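Here is a friendly walk through one protein chain, written for someone who likes to know the cut-offs behind each term. Please keep the structure open beside the text as you read.

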Amino acid sequence: MTDANAQASRRNKRLAGGFVALVVAAVIIWLLMQRCHPVETPQGPFPFDYFRVKAEELGRDPVRIKEFVAGLTTLDYQGDRKGPLGCLWDGGGSAEEKALVEDALIQCCDPMVAAPALYNGAATNKAATLDVRLNVERAGGTDAKGMQTTAGALLGNVHSLEFPAENKARLTLRPYRSEPVVIEVDTAGAEALSLSFLEEGGRSSEREFWHRKNRVGYANGYPGDRHDFVVLPARVGKYVREKEELRLKEAGRDPAQDQAAQAYLTLLDWCLDSDAELEKIEKRFAVRAQFDRPRIVFLGRHEGPIAKQPLLTLDLRQDNVRFAGEAGPARAATECRSRLESALEQMFLERITKKPSNSAFSIFSSISEDYPNSVDRRLRRAQQVLSALKPGEKAHFAAAGRNDVKATVERTAQQKLRLTAGAIRPEFAQALAATEGAIRLPAGKPLDEQFDEAAAASGALEVALAGQPAEPPLGPGFVLDVRLELQPLSLVAGGAGFSFRWGEGDSRTEQDIRVVDCKSGLSLEWRVHAGLRPAKGKRVISAAALDLAAVHNPWYLAGETDPQEATSFVVSRAVYAALKAGKAAPIGLCGRYGANDDHQGPRPVEWQGELQPAGEGEITVKVNNRDEKLRVLRAKLGDDTVAFLDDARFPVGMADRLVEVHTTIRCLLVDQRGAPVPGARGVVEDVELESRLDGILELAPRPGKYGKLTLQITLNELQAQKVEVDLSAPGLSPVKVTVDRPLTELLWLEPSQAAQLDALPVSDQVKRHARRDLQRGRCVLIPSRMVGAWPRRTIAYYAYEPECGYSVGIMEHGLCGADPFISDHLMDEFKKAAEEKLEEGMQEKLTVDPMAAFHCFRGAVISWWVYSAYRVEGDSHTQAVLRALKDMEYWADQTDFFHHAGQEAGNLMGNEWAGGQAADQLRELASKAIFGAGSQEMSKKAFMLGYVCGLLYLASELGEGE
């Protein structure tokens with residue numbers, strides 16, 4: 001007999017024996033059913049089981065089972081790293097894991113077996129161990145409690161770290177089909193609490209939950225908080241997600257009622273999204289994810305001290321998936337996936353919480369976001385500028401420091417955006433033509449294109465700048481320089497001063513005009529000195545007269561006047577428009593009042609006729625202490641020639657007699673690289689200003705008061721800097737002011753460069769986490785300074801594993817994921833609580849009192865002292881703030897100086913009652929002589945106001961992330 005025939009014979013005998021056994025078993029079951037109550041089929045009394053269902057799908061046929069297992073992908077690692085369940089979920093595994101799957105499936109072939117006794121990996125030396133430890137750090141060392149298991153054993157369930165009470169932490173590990181393992185620790189007097197995962201081979205990761213020295217986040221565990229986590233060394237598909245929810249419900253764990261079950265499904269949703277993106281990466285790079293290391297993902301639920309709803313955080317503690325394939329594509333896939341997940345974390349949390357969240361990705365994205373040196377920032381800046389342009393205005397764009405690369409965009413009268421620039425390189429245009437969705441511009445000729453929307457124009461502008469020939473070529477990180485050519489700056493502005501002089505000797509006349517306001521009409525203060533007769537007064541010219549008046553009044557009457565239908569100082573815009581167009585303009589000229597005229601009635605019209613255009617010209621006038629050439633329109637008024645400033649908004653008359661003007665002074669704020677600084681706040685003599693999109697800071701006119709002065713400039717909410725600037729004679733040209741823009745650089749630190757971390761101006765908290773990663777052989781990419789707006793500055797860094805390219809974003813409090821804007825949320829809740837407490841203590845609104853400011857300040861100082869005392873005692877930031885808030889009324893009484901004066905009087909007299917009487921008398925005297933009636937109660941209310949304000953400041957300044 002041939003070997004093939006012998007094998008067939010043995011197989012037939014086994015099948016026959018199996019058939020006989022099945023028949024016997026069927027008879028026995030039938031007999032039992034006759035004697036007992038009916039029972040359900042195995043699908044009923046037992047919860048959903050992957051192996052049983054798969055075995056049934058394969059007809060409980062060992063041959064088909066072997067064929068199925070043989071078809072699973074054999075991955076290129078050895079040993080048991082994710083157990084048979086992980087191999088089944090993932091559709092592939094090591095040779096050892098596939099053998100375990102086969103064993104589990106074959107066990108299900110016997111209908112009498114409810115479910116296979118799954119191998120959990122702990123009993124063989126081929127299983128990769130995972131040491132899970134809860135670490136309590138104390139001054140004398142670290143206490144660690146936990147268990148050694150395998151990643152495969154922890155798959156298929158959720159595990160939890162809870163804080164059931166103050167100074168208590170409980171870790172619950174729920175191995176698949178095993179009894180839960182509960183580990184409880186006492187954290188009283190501890191410095192920190194963390195959970196560590198040590199893999200076979202020395203790889204480890206650690207999740208810190210709180211630390212006494214935290215600047216943000218918790219300083220200890222808050223009762224009620226819980227952190228659910230999964231260990232998933234396998235892929236999660238839609239089938240697994242659906243069946244896991246079914247399995248929970250069959251086990252009586254309703255996700256709507258069971259927090260752990262709800263967290264488990266949420267974490268599976270995260271992994272489902274992540275694996276869907278992973279599948280795209282595998283196809284793109286032609287690689288296969290191995291899942292030979294555990295994925296560990298936390299969903300934190302923070303009850304918090306006063307939050308009305310729990311706050312959720314997502315922490316992707318470990319997700320380093322190795323890829324099989326060529327070395328280059330495998331590394332590229334690893335880097336691609338880790339970058340993608342840093343954004344997915346934030347997107348996922350925002351989706352499930354319906355609230356904005358923060359992550360290392362968003363923190364890095366906000367670094368130098370105002371500095372236009374990347375494509376997205378350049379586009380954003382250009383779009384802001386173009387959207388603000390009005391018809392006739394232009395914006396000039398260039399690469400900072402490069403006059404050979406520039407372009408201009410003008411807003412036309414038809415509201416189009418017209419882009420003009422030099423020709424772009426032919427090869428650049430060809431590359432664009434071959435790119436799907438790219439902006440296409442013609443090559444080989446100067447650009448002259450029009451766009452309807454700012455977004456399209458800004459995109460074309462980026463292409464136009466990048467595509468121009470330049471030596472050296474323009475790099476992708478060039479800085480966008482912006483210069484605005486807006487509507488001509490009018491000399492007439494609030495606070496501007498105009499001085500006119502004409503005549504000689506006794507007929508000499510001096511006229512000084514100061515513009516009070518010009519937003520609607522024109523409000524003026526004037527002074528005229530004609531011969532020996534000085535006069536001064538105020539005049540208001542209506543907005544209607546400014547636009548259309550054909551009557552002009554050159555005479556000034558002492559006091560306040562309001563000529564509704566005539567202009568003074570300027571002619572109307574209608575008159576200017578006619579002269580500018582070369583047409584005659586009808587006008588009436590008022591005369592002086594006669595001796596018997598009513599000075600309250602209308603002035604007589606001395607001359608009526610037309611102003612005839614007489615051409616344009618220039619005059620030289622001292623403007624802001626510098627000689628400037630100004631354009632004028634000339635016209636014939638009878639036999640005389642008059643001149644008006646060529647200004648469509650405010651055509652000032654008698655321009656030929658104008659000798660000096662003090663008007664708006666402009667400063668151009670640039671950084672150390674010469675790039676304009678928009679959005680900077682400046683303070684000049686207590687007046688706050690903000691720089692425009694092109695960096696121009698406009699200082700209001702102050703005739704004769706500007707000289708060498710100090711500008712206080714604040715950039716991006718960072719610390720203010722003082723810059724000396726000479727405004728003695730700026731003229732109309734912008735005065736360049738160079739400020740030190742605190743550019744945040746990214747530092748790349750290797751393990752051997754850990755000492756450089758100590759010198760960085762960043763928090764000790766982030767240094768602690770980064771130092772831990774450096775000690776593990778990771779590289780660290782970290783900003784050179786704290787980032788974000790004061791007082792909520794924060795920081796994050798990326799830890800990078802150089803051997804494989806895996807990186808993870810880590811926030812200041814150590815979270816490798818995303819959290820909502822917890823500090824903002826808690827601040828809102830705290831403000832509400834503080835307002836209620838304040839209202840409760842005051843019972844009515846605080847009214848003005850001469851000494852209220854003193855008591856308010858006293859309350860603020862005391863609040864800081866009380867808060868600090870609680871922090872020294874070991875309270876977390878939030879606990880200290882809340883305890884201090886509760887103590888407000890006590891300290892209002894204890895720090896009342898009348899109270900203490902009475903105590904001293906009582907001590908001196910040896911009589912407490914007498915001291916109380918003395919205190920009452922002091923209050924009465926003070927209320928009558930100093931404060932006014934009811935001021936004692938008012939002082940207490942003012943104290944409470946200051947106390948609450950002080951606590952609100954502390955909550956904002958010190959409570960970030962908590």
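## Ground rules and overview

This is a predicted model, in which local features need pLDDT of at least 70 and side-chain atom pairs count only at pLDDT 80 or more, while totals for chains, interfaces and linings use all residues. Residues are numbered from 1 along each chain as its sequence is written, and side-chain values use heavy atoms, with hydrogens and water left out.

The protein chain has 24 helices and 43 strands. Both are DSSP runs numbered from the N terminus, helices being H or I with at least four residues and strands E with at least two. Of its 962 residues, 49% count as buried; buried means under 20% relative accessible area, exposed over 50%, and partly exposed in between, with a 1.4 Å probe and protein chains only. Among the contacts in the chain with a separation of 6 or more, 61% come from residues 24 or more positions apart, where contact means heavy atoms within 4.5 Å.

## Two helix pairs

Axes here are lines fitted to C-alpha atoms, for helices over the stretch in contact, and angles run from 0 to 180 degrees between N-to-C directions. Helix α7 (residues 238-250) packs against helix α8 (residues 259-285) at an angle of about 175°, with the axes 10 Å apart. That makes α7 roughly antiparallel to α8; angles under 35 degrees count as roughly parallel, over 145 as roughly antiparallel, 65 to 115 as roughly perpendicular and the rest as oblique. From α7, Lys238, Arg241, Glu244, Glu245, Arg247 and Leu248 meet Ala261, Tyr264, Leu265, Leu268, Asp269 and Leu272 of α8. By class, this contact has 6 nonpolar, no polar and 6 charged residues. The classes put Ala, Val, Leu, Ile, Met, Phe, Trp, Tyr, Cys and Pro as nonpolar, Asp, Glu, Lys and Arg as charged, and the others, Gly among them, as polar.

For the second pair, the axes of helix α11 (residues 375-388) and helix α13 (residues 454-467) come within 8 Å and cross at roughly 130°. These two helices are therefore oblique to each other. On the α11 side the contact is made by Val375, Arg378, Leu379, Ala382, Gln383, Leu386 and Ser387, and on the α13 side by Ala454, Ala455, Ala457, Ser458, Gly459, Leu461 and Glu462. By class, the contact of α11 with α13 has 8 nonpolar, 4 polar and 2 charged residues.

## Two enclosed helices

Which residues of α4 are buried? Gly83, Pro84, Leu85, Gly86, Cys87, Leu88, Trp89 and Asp90 are. With 8 of the 8 residues of α4 (residues 83-90) buried, this helix is largely enclosed by the rest of the structure. Just after α4, Gly91 takes a positive phi of about 75°.

Helix α20 (residues 877-886) has 8 of its 10 residues buried, so it too is largely enclosed by the rest of the structure. Its buried residues include His877, Val881 and Leu885.

## Sheets and strand pairs

An open sheet of 4 strands has the order β4-β3-β8-β9, with antiparallel pairing. At its edges stand β4 (141-150) and β9 (204-211), each with a single partner strand, so one side of each is left without a neighbour in the sheet. The twist averages 15° from one strand to the next. Within this sheet, Arg133 stands opposite Gly146 in β4.

The table lists strand pairs by sense and bridges; two strands pair if DSSP finds at least two bridges between them.

| Strand pair | Sense | Bridges |
|---|---|---|
| β3 (residues 129-138) and β4 | antiparallel | 10 bridges |
| β27 (residues 585-590) and β28 (residues 605-623) | antiparallel | 6 bridges |
| β28 and β29 (residues 626-637) | antiparallel | 11 bridges |
| β28 and β31 (residues 658-662) | parallel | 2 bridges |

Ile587 stands opposite Gly609 in β28, Glu616 has Leu633 in β29 as its bridge partner, and Lys622 has Glu660 in β31. β28 and β29 form a hairpin with 2 residues between them, and Asn624 in the turn has a positive phi of about 50°.

## A loop residue

Leu486 lies in the loop between β20 (480-485) and β21 (497-502). Leu486 is partly exposed, with a relative accessible area of 29%. Not counting residues up to four places away in sequence, Leu486 touches Leu389, Glu393 and Arg692. Leu486 and Glu393 are 93 residues apart in sequence, yet their C-alpha atoms are 4.7 Å apart in space.
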